[in-house]
Amino acid sequence: MTGTIAEQVLDNPVWAALSGTHREFAEQHGRAARYQREVSPFHAVADADDPAAWADLAALAGPAATVWMAGDAGRLPAGWTVDQKIDGVQLVDDAAQAAGDPEAVRLTTADVPEMLDLVARTRPGPFLTRTIELGHYLGIRRDGKLVAMAGERMRMPGWIEISAVCTAPEARGQGLAGRLIRAVVAGIRTRGDRPLLHAAADNTGAIRLYEALGFTLRREILFRSVRTPDADPAAG
């Protein structure tokens, strides 16, 4: 494990969220869990070194299913394969800047079609039709059009992940992402939690912004899409 006791929930963030604050969005089988399908694509096992937990995940996801996971690489059990890997970093609030923004508006389910369009154009990471239910999302509009947003995704005890930070190409260079992150940080702090962020390791521009805002690198983290075994573990 990495860091203090208070930070160790971040070593296995998806499991910490699904077995805790986000239990209402979880589908669980034994020592494996996943977010409901329209909420998030992430799955998790309680212990990556426990073969029984992987068997539970295979039963939960079904045969030949593709699932996204976050955490340590670990060794996959026999029959599992890796489809895609993204080297990432985890940054935590050290002295993150927090400030409300008069132009930022709270986004609601009515805004989801615009949010999905912005995500499709900017590709900040997974955002599905019900992701907005995970936390507060803020946006900035120009001439009535949503041009930037940021919000809250995974929630672990004492921590809330800032996610879906994106700006439309035509609105970049105006500092909108930084302003929205500060506003989201302010909201998280008012609830007594600390913010954290994840980013692809090669997204150096985003990492520079996060560090300039007062976040510090906690650890490297692997995001990977893995495929369950072809055979149904419940068969035979």
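**Reading a predicted model**

Tutor: Let us begin with Glu 24, which is found in the loop between helix 1 (13-18) and strand 1 (26-29). Please keep in mind that the model is predicted.

Student: Is Glu 24 buried or exposed?

Tutor: A residue counts as exposed when its relative accessible area is over 50%. For Glu 24 the relative accessible area is 60%, and therefore Glu 24 is exposed.

Student: Which class does the ring pair of Phe 42 and Phe 223 fall into?

Tutor: The structure holds three aromatic pairs. In the one formed by Phe 42 and Phe 223, the ring centres are 6.2 Å apart and the planes stand at 55°, so the pair is tilted.

Student: How many residues apart in sequence are the parts that this pair ties together?

Tutor: Phe 42 lies in the loop between strand 2 (32-35) and strand 3 (43-45), whereas Phe 223 lies in strand 11. Phe 42 counts as buried because its relative accessibility is 4%, and Phe 223 counts as buried at 10%. The parts that the pair ties together are apart in sequence by 181 residues.

Student: And which class describes the rings of Trp 54 and Trp 80?

Tutor: Trp 54 belongs to helix 2 (residues 51-61) and Trp 80 to the loop between strand 4 (66-71) and strand 5 (81-93), so that the pair links distant parts of the chain, 26 residues apart. Both Trp 54 and Trp 80 are buried. Their ring centres are 5.0 Å apart and their planes are at 75°, so the pair is edge-to-face.

Student: How far apart are the end C-alpha atoms of helix 4, and what span should its residues give?

Tutor: Helix 4 comprises 15 residues (residues 176-190), which at 1.5 Å a residue should span 21 Å. This agrees with the separation of its end C-alpha atoms, which is 22 Å.

Student: Which element gives the largest share of the lining of the largest pocket?

Tutor: The largest pocket has a volume of about 1000 Å³, and of the 38 residues that line it, those closest to its centre are Arg 123, Pro 124, Gly 125, Val 165 and Asn 203. The elements that give two or more residues to this lining include helix 3 (112-122), helix 4 and helix 5. The largest share, seven residues, comes from strand 9.

Student: How many charged residues are in the lining of the second largest pocket?

Tutor: The second largest pocket holds about 480 Å³ of space and is lined by 24 residues, with Asp 11 and Asp 72 among those nearest its centre. By class, its lining has twelve nonpolar and six polar residues, and the number of charged residues is six.

Key: Residues numbered from 1 in each chain as written. Predicted model: local features only at pLDDT ≥ 70, side-chain atom pairs only at ≥ 80, totals over all residues. Heavy atoms only, no water. Helix = DSSP H or I, 4+ residues; strand = E, 2+ residues; numbered from the N terminus. Expected span 1.5 Å × (residues − 1). Phe/Tyr/Trp six-rings, centres within 6.5 Å; stacked < 30°, edge-to-face > 60°. Buried < 20%, exposed > 50% of the residue type's maximum accessible area, 1.4 Å probe, protein only. 1 Å grid on protein atoms, 1.4 Å probe; cavity = no way out; pocket = protein on both sides within 12 Å on 5 of 7 lines; lining within 4 Å. Points joined across faces, edges and corners; volume = space filled by probe spheres on them. Nonpolar A, V, L, I, M, F, W, Y, C, P; charged D, E, K, R; others polar.
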